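Please look over the sequence and the model shown here before reading on.

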Amino acid sequence: TVDFGSDFGTSDSKTRVGLSDIFVTKITQPGLSTWTQKSPAAKPPARDYHAMAYDSARGVTVLFGGYGATGSLDDTWEWNGNNWADVSPGGTPGVDYPSAKDCHAMAYDSNRGVVVLFGGDPGAFSDETWEWDGADWTRKLTTDQPSGRYHHAMAYDSKQGVVVLFGGDTLTGTSDETWEWDGTDWTQKFPGSKPPKRYCHRMAYDSTRETVVLFGGVDEGVPLDDTWEWDGTNWAQKFPADKPSPRSVHAMAYDSVRAAVILFGGDVAAPGYSDETWEWNGNNWTNVSPAGTPGVDYPTARLNHATVFDSARGVVVLFGGYDGSRCDDTWEY
């Protein structure tokens, strides 16, 4: 015990301390965190084009579907920080749980305590909405919904209490639509400004600044490097001094401890797969890629992976993807 009274060191019964002996350090600058590979006893089979969401009420990361060695998948897995568990429910696919799919999107509705899944199924253009409560999947029948699509992106806006969806590939072409899901129905929004149409982009909700952040994607075969934010009414483009190179099928999650959106990997012009780690603080992107050996000190360069932020343990969780072959590794940042 240290006495911080005005009479430092005047009593032999007190610990003697000088002001020069007291150090308080608050680390706020980026680039000081690390990637750590986890070695769980059980894990999902290798896959890419899957989706994940973090269930903050139960403290688990939820994964559904993707594309594996046997094609599109319909399994449900949960990660608790130590192991993956296959929690796939029984029943009939498409009735009791979503049919096998990939290129779908998921987000966790913290107000209602459910994971929301929409779309997927390249070639079939699914327009189904499903919710996972930790035990069962339930298909939600709505009066209105986005047209069937895949390669779209979703994030949960906790201020507005809605899941936000943007873009994707549809039967009639690439979309620039914005939709919101309130747990009962989908509502299309018609903002005065919006990002150009795109697919294979990613979004994350910045709970500190109360805005959905969107980066990258592809428009008519052209990779994008623009940053947009949605405040519930309009999209606004941001013009940072530095930013990741144009890319698609990367992954993003908002780290509420570091107050930054974390971006990893993606499909880039050269060398093709990225192993970069970037952080967005609302004003600028910063490349915080660690030094070391890929696959040892940080994930190998990859695309089509998924990430979420585990708020209970303060880490970004990454699983799977494609680095030349399909991956089954789990990493935390």
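The paragraphs below take up a pocket, a sheet and a loop residue.

The model is predicted: local features need pLDDT of at least 70, side-chain atom pairs count only at pLDDT 80 or more, and totals for chains, interfaces and linings use all residues. Residues are numbered from 1 along each chain as its sequence is written, and side-chain values use heavy atoms, with hydrogens and water left out.

The largest pocket has a volume of about 890 Å³. A pocket here is an open set of points on a 1 Å grid over the protein atoms alone, where a 1.4 Å probe fits, with protein on both sides within 12 Å along at least five of seven lines; lining residues have an atom within 4 Å of a point. The volume is the space filled by probe spheres set on the points, which are joined across faces, edges and corners. Its lining comprises 39 residues, and Met-52, Met-106, Ala-107, Thr-307 and Val-308 lie nearest the centre. Among the elements giving two or more residues to this lining are strand 2 (51–55), strand 6 (105–109) and strand 11 (153–157); strands are DSSP runs of E, at least two residues, numbered from the N terminus.

Ser-274 lies in the loop between strand 24 (260–264) and strand 25 (277–280). Its side chain reaches the backbone nitrogen of Glu-276 at 3.1 Å.

Definitions and conventions
Helices (H or I, at least four residues) and strands (E, at least two) are DSSP runs, numbered from the N terminus. A polar contact is a pair of N or O atoms within 3.5 Å; within protein, one must be able to donate a hydrogen and the other to accept it, and residues adjacent in sequence count only if both atoms are side-chain atoms.
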